[in-house]
Amino acid sequence: MELRFEIRRSNSPWVDSVWTCTSEQVTAMTSVAGVRWGLVFWEQDGRPYAAVTGPETRTSTAPVPEGAAFTGIDFAVGTSLRVLPTPELVDGGVELPDTTHRTFRLDGARWETPGADDAEALVERLVKSGIVVRDPLVADVLRGHEPAVSGRTVERRFRAATGLTRGAVRQIERARTAAELLASGDTAADVVAKLEYFDEPHLARALRTYVGRTVGQLRDGIGGAIALDLDQRLTS
């Protein structure tokens, strides 16, 4: 049983990462909470598909189409689609219509389906056309800047751009980082100290809520297929 992820970080300010995934004899995986929306392209039984995916506020079990091959673009926090506000995508997504082997339809226009190596080129075209937009205030807040507006305004614009509160983004990102550290060999005590969790039970609750794994499962690389970039790309 294999679920193989290949993930690379992007140099584009509009893109967080680009990933590919193939499955073999895997029918389900643990879908991990995440703060980003994305575009996903895949083929199954010779038929092409495309979808917009949204942020996820909790872990869940997701089906994995047998023999499918995926290419995905995870967009930077604070970016959004002009015609599909990110808050409407939270814990869900939208399959795009009229997808062919070479193109997909988005915002009334047809676009060439990208591979992993030319994902940023597609994003650049979407940005130039005004289909992908962003709120610069959100990017400033994430870099630690204090904008010259009220905290209420910041929170309103943050939620409008991301579909999440700043607190939820911090909690989800911290849990994902904790999972990666544990999978790479850090102890629970080390992770608590590094990421400033209150204590180990607090860490354990966050992992159950956002990652769907225990400390032991992450350390030992067990628990089934999981949609997270761990050192153990393959779990069983």
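In which kind of crossing, left-handed or right-handed, does α4 pass α5? The crossing is right-handed, where a crossing is called left-handed if the near helix is turned anticlockwise from the far one by less than a right angle, and right-handed if clockwise. The model is a predicted one, in which local features need pLDDT of at least 70 and side-chain atom pairs count only at pLDDT 80 or more, while totals for chains, interfaces and linings use all residues. Residues are numbered from 1 along each chain as its sequence is written, and side-chain values use heavy atoms, with hydrogens and water left out.

The chain contains seven helices and 12 strands, these being DSSP runs numbered from the N terminus (helices H or I, at least four residues; strands E, at least two). The radius of gyration of the chain, taken over C-alpha atoms, is 18 Å, close to the 18 Å that the globule rule (2.2 Å times the number of residues to the power 0.38) gives for 236 residues, so the chain is as compact as a globular protein of that length. Along the principal axes, the C-alpha atoms fill a box of roughly 55 × 50 × 25 Å. Of the 236 residues, 43% are buried, where buried means under 20% relative accessible area, exposed over 50%, and partly exposed in between (1.4 Å probe, protein chains only).

The largest nonpolar core has 33 residues, among which Y197, L203, L207 and V211 touch the most other members; such a core is a set of buried Ala, Val, Leu, Ile, Met, Phe, Trp, Tyr and Cys residues joined through side-chain atoms within 4.5 Å. Two or more residues of this core come from each of α2 (136–142), α3 (151–162), α4 (166–183), α5 (188–195) and α6 (200–210), and α4 gives the most, with eight residues. A second, separate core of 23 residues includes I73, L96, W111 and V132.

The helices α4 and α5 pack at an angle of about 145°, with their axes 10 Å apart; axes are lines fitted to C-alpha atoms, for helices over the stretch in contact, and angles run from 0 to 180 degrees between N-to-C directions. In this packing, R174, T177, A178, L181 and L182 of α4 meet A188, V191, K194 and L195 of α5, contact meaning heavy atoms within 4.5 Å. By class, six of the residues in this contact are nonpolar, one is polar and two are charged.

V132, a member of the second core, is found in strand β12 (residues 132–134) and is buried, with a relative accessible area of 2%. Apart from neighbours within four places in sequence, V132 is in contact with W14, W37, F75, T79, S80, L81, L126 and V127. Between V132 and K194 there are 62 residues in sequence and 35 Å in space, C-alpha to C-alpha. T71, which lies in strand β7 (residues 69–75), also counts as buried, at 16% relative accessibility.

Most residues other than glycine have a negative phi. D45, in the loop between β4 (38–44) and β5 (47–53), has a positive phi near 55° and counts as exposed at 74% relative accessibility. D98, placed in the loop between β9 (93–95) and β10 (103–106), has a positive phi of about 60° and is partly exposed, at 47% relative accessibility.

Conventions:
Nonpolar A, V, L, I, M, F, W, Y, C, P; charged D, E, K, R; others polar.
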